Amino acid sequence: MATTTFTVAEQKAQDRRTRRKEAKRNVWAYVFVAPFFFLYSIFGLFPLVYGVWLSFHQWDGISPMKWVGFLNYIKLFTVDDVWWQAIYNTVWLFVGATIPQLLIALILAFIINSGYIRFKDFFRAAYFMPFVASAVAVGILFSSLFGLQYGMFNFFLSFFGIDKIDWLGSALWLKPSIVLVTVWQWTGYSMIIFLAGLQSINPELYEAARVDGADTNDVFWKITMPLMRPVILFQVVTSIIGAMQNFDIPVMLAGGTQSSAPGGTDHAGLTAMMQLYWSAFKYNTGSKSGFGYASAMSFILFFMIVTFSYLYNRANGRNLTED
Amino acid sequence: MATNDKALSRRRFLRFAAAGLGAASVAGVLAACGAKKSDDAAAGAEATKAPEEGKKANVELTFWWWDGNGQIWADAYNKLNRGATVKFVNTPFADSHDKLLTSFASGTGAPDIASLEIGRIGGFTAKGGLADLKSAPFDGGKYEKDMVKYKWTQGSTTDGRLVAMPWDIGPAGVWYRTDIMEKLGLPSKPEEIEALISHTKGKKWEDFFALSQQVKEKSGGKVKMVADAATDIYGGALRQGGEGYFEGMKLMIEEKATRPAQLAADYRKQGLDANIAWWGADWAAGVKNDAFAGMVIACWMQGGLTKDQPQTIGKWRVVPAPEASYNWGGSFCAIPEQCKNTEMAWDFLTWACCSAEGQNAMFKPTGVFPAYKPAWADPLYDAPQDFFGGQRTFRVWGDIADNVASISRSPYDLQADDIVNAEMAKVMKEGKDPVQAMKDAEAAALKAIEGSTP
């Protein structure tokens, strides 16, 4: 057995050769993953970086771009109270809609999964149905149901002697109305995710618990809930992301017309995304609107999403999805 | 158990397969239809090419508008074989202007002919992106004398370029339903109502309030004169002082909006309107239920009412508004700088907006009222209108249009509109003092645009 000795230079050359050989051997793998990176850099990465670049400019889309440094951010943080009102509304709608939505969805999923009821497929499909409808159709439907003089809701309330409620017109009722529609549309989706989570729990655990004398209450709190934490975490995080970008339902219900402003009375239904869109495309002109200003808004939103998600993760102990 | 599973999955598989086949065959049929259509189109293009010897090749122009009726122009123009085929694209109003803006920002994707609405025109005339229709290859200057005056000013920039050609205007007045007025035992002939409320007879908004009071009393409060004071009264009174809240670049919210806001607040306080918000399902239901006897709005309402409320056709009449004539809405046509076929785009635009033929081709079926005055000479304008029960309304609109005060637009129009509307909502819904509300609106608008140079 002869031993071969290498000089350092030879060893390096050898390594290079191996690396090149490896790359050559895997060339098709690179070719196959290339389209994703190609498309991502055009449609994902470039707009992202360009957005950061834009947020330091004042630009209406037509005139030359004007560098303003951090001025957009400074204005947003110091003088733009409509923006903070929009943020407040967004968070309000997130809390107001997400908590009931997830609670109802979890309960429904537990019931459907429990084996107490028949026609599971039917219920599953029925609850999921609203999610399939487009937000625009939902918006038109509900703005008619919410009508002040001829709406269905007020018609029903009149049987109980309750006065007409100006669902979409009054600052007090606009947010609850948006919450109602959001919960109606999204509960079915959350329920399906919860259901998938419930079905992935090993039934042997339940059997073992039963043998040990646990009742339904114990089973739910001691087995189902702990094992569902990753699914709940997923739901909360996606809800945060979704709620921070809440746009279509508020626009359909309070998007403004020839004679009303977006967000309705007292901007009660104005979400951050609405304000962002209006600033970029509708108002467009001036130092407190336009593409640059709106980009700055979007990065503030981005960091809020990251922060909220991180805080929730922390509050929940360690990241259970990595178990 | 296992076999059962298998059977199930097999059955499922077959079901999916059947569904897939069905979908595929539908797609096939659709594709076939599509193919046939484009064949037809090609044949059509061939046919148009044939008769025009010596002319250059047929070019395709895209034309954006937010109303399906744009096809009327495309069809009429394409029949003339002038060397271009117009392809109409229906761009929903909510994002039509945004799309145009995006195409300017990205430097590509703009149509050959774009339409712009009065509320958004200020944002476009103040910036670049649209070609000057007065300098070569265009010669739009010669149409100035033919256009309604205020409209020409709006389409022009401060340095005198014309970037948007006036298309249609929105002469507005008081509409009312004869059937409801008759039922209530009130006068219902246009001459009678005109004598009661119109500025042509020296009447003021107070007189309109008096008539509204009568409608309310005679019906025992069941029927009101109009749907929503925020739109009918405020919208009308504001526009009588010139649409928008600016004079040049000077913000004038307090001066312009305070009295209209007071009028609307009073009207609501006296319970004279039906408190039904415009443009929605509630409003449509209100018309069907005869909840209000009239409205204060522009001529373009005719198109929508014909389509959505055909039972009211023939029952409407129109008279000039109290205090003054005014305009509400209207549009422009423009040629973006990105346009490649400027010659044919100009040919289409001048045919559409600056000829009686083109303007009336659109006006006759839709009521989109031409800003091009020579178009009004057509005998069409003296014809009695079925929609208005035989009233010769086109003359009424024309007389109104010729008497509208000049209106200036600014790039902040939409922002100011929204700020004032937000305050108006507080006035109407929460009883806020209109004087204070307009003070607050002025302050908010100043804050929103301060430090800006357009």
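**Helix packing, chain contact and local geometry**

Helix α2(A) passes helix α13(A) in a left-handed crossing. This arrangement belongs to a predicted model, in which α2 of chain A spans residues 27-54 and α13 of chain A spans residues 291-315. The two helices pack at an angle of about 115°, with their axes 8 Å apart, and α2(A) and α13(A) are therefore roughly perpendicular to each other. On the side of α2(A), the contact is made by Gly51(A), Val52(A) and Leu54(A), whereas α13(A) contributes Phe291(A), Gly292(A), Ser295(A), Ser298(A) and Phe299(A). Sorted by class, the residues of this contact between α2(A) and α13(A) comprise four nonpolar, four polar and no charged.

A further helix pair in chain A is formed by α8, residues 171-199, and α10, residues 216-244, whose axes come within 9 Å and cross at roughly 140°. With an angle of that value, α8(A) and α10(A) are therefore oblique to each other, and their crossing is right-handed. Helix α8(A) takes part through Ser190(A), Ile193(A), Phe194(A), Gly197(A) and Leu198(A), and α10(A) through Thr224(A), Met228(A), Val231(A) and Gln235(A). The contact of α8(A) with α10(A) holds five nonpolar and four polar residues, with no charged residue.

The C-alpha atoms of chain A fill a box of roughly 100 × 75 × 35 Å along the principal axes. Of the 323 residues in chain A, 34% are buried. When contacts in chain A between residues at least 6 apart in sequence are considered, 70% of them join residues at least 24 apart.

Chain B, by comparison, contains 17 helices and 10 strands, and buried residues make up 48% of its 454 residues. Among the contacts in chain B with a separation of 6 or more, residues 24 or more positions apart account for 75%.

The contact between the two chains takes 35 residues from chain A and 38 residues from chain B. On the side of chain A that touches chain B, the elements that give two or more residues are α6 (135-145) and α12 (272-283) of chain A. Helix α12(A) gives the most to this side, with three residues. By class, the side of chain A that touches chain B has eight nonpolar, 22 polar and five charged residues.

Within chain B, Arg268(B) is placed in helix α10 (residues 253-269). Because 20 C-beta neighbours lie inside 10 Å, Arg268(B) counts as buried. Leaving aside residues up to four places away in sequence, Arg268(B) touches Ala229(B), Asp273(B) and Met428(B). The C-alpha atoms of Arg268(B) and Asp378(B), residues that are 110 apart in sequence, are 42 Å apart in space.

Ile118(B) is found in helix α4 (residues 118-125) of chain B, and counts as buried because it has 24 C-beta neighbours inside 10 Å. Not counting residues up to four places away in sequence, Ile118(B) touches Gln154(B), Glu243(B), Gly329(B), Gly330(B) and Ser331(B). The C-alpha atom of Ile118(B) is separated by 9.1 Å from that of Lys151(B), which lies 33 residues apart from Ile118(B) along the chain.

Local backbone geometry in chain B was also examined. Most residues other than glycine have a negative phi, and most peptide bonds are trans. The peptide bond from Ala136(B) to Pro137(B), however, is cis, with omega near 5°, and Pro137(B) lies in the loop between α4 and α5 (149-155) of chain B. Asn81(B), although not a glycine, has a positive phi of about 50° and is placed in the loop between α2 (70-79) and β2 (84-90) of chain B. With 16 other C-beta atoms within 10 Å, Asn81(B) is partly exposed. A positive phi, near 55°, is also found in Asn275(B), which is placed in the loop between α10 and α11 (281-288) of chain B. Asn275(B) has 23 other C-beta atoms within 10 Å and is therefore buried.

Key: Residues are numbered from 1 along each chain as its sequence is written. Chains are lettered from A and ligands numbered from 1 in the order in which they are written. This is a predicted model: local features need pLDDT of at least 70, side-chain atom pairs count only at pLDDT 80 or more; totals for chains, interfaces and linings use all residues. Two residues are in contact if their C-beta atoms, placed from the backbone, lie within 7 Å. Helices (H or I, at least four residues) and strands (E, at least two) are DSSP runs, numbered from the N terminus. Ala, Val, Leu, Ile, Met, Phe, Trp, Tyr, Cys and Pro count as nonpolar, Asp, Glu, Lys and Arg as charged, and the others, Gly among them, as polar. Axes are lines fitted to C-alpha atoms, for helices over the stretch in contact, and angles run from 0 to 180 degrees between N-to-C directions. Angles under 35 degrees count as roughly parallel, over 145 as roughly antiparallel, 65 to 115 as roughly perpendicular and the rest as oblique. A crossing is left-handed if the near helix is turned anticlockwise from the far one by less than a right angle, and right-handed if clockwise. A residue is buried if 20 or more other C-beta atoms lie within 10 Å of its own, exposed if 12 or fewer, and partly exposed in between; C-beta atoms are placed from the backbone.
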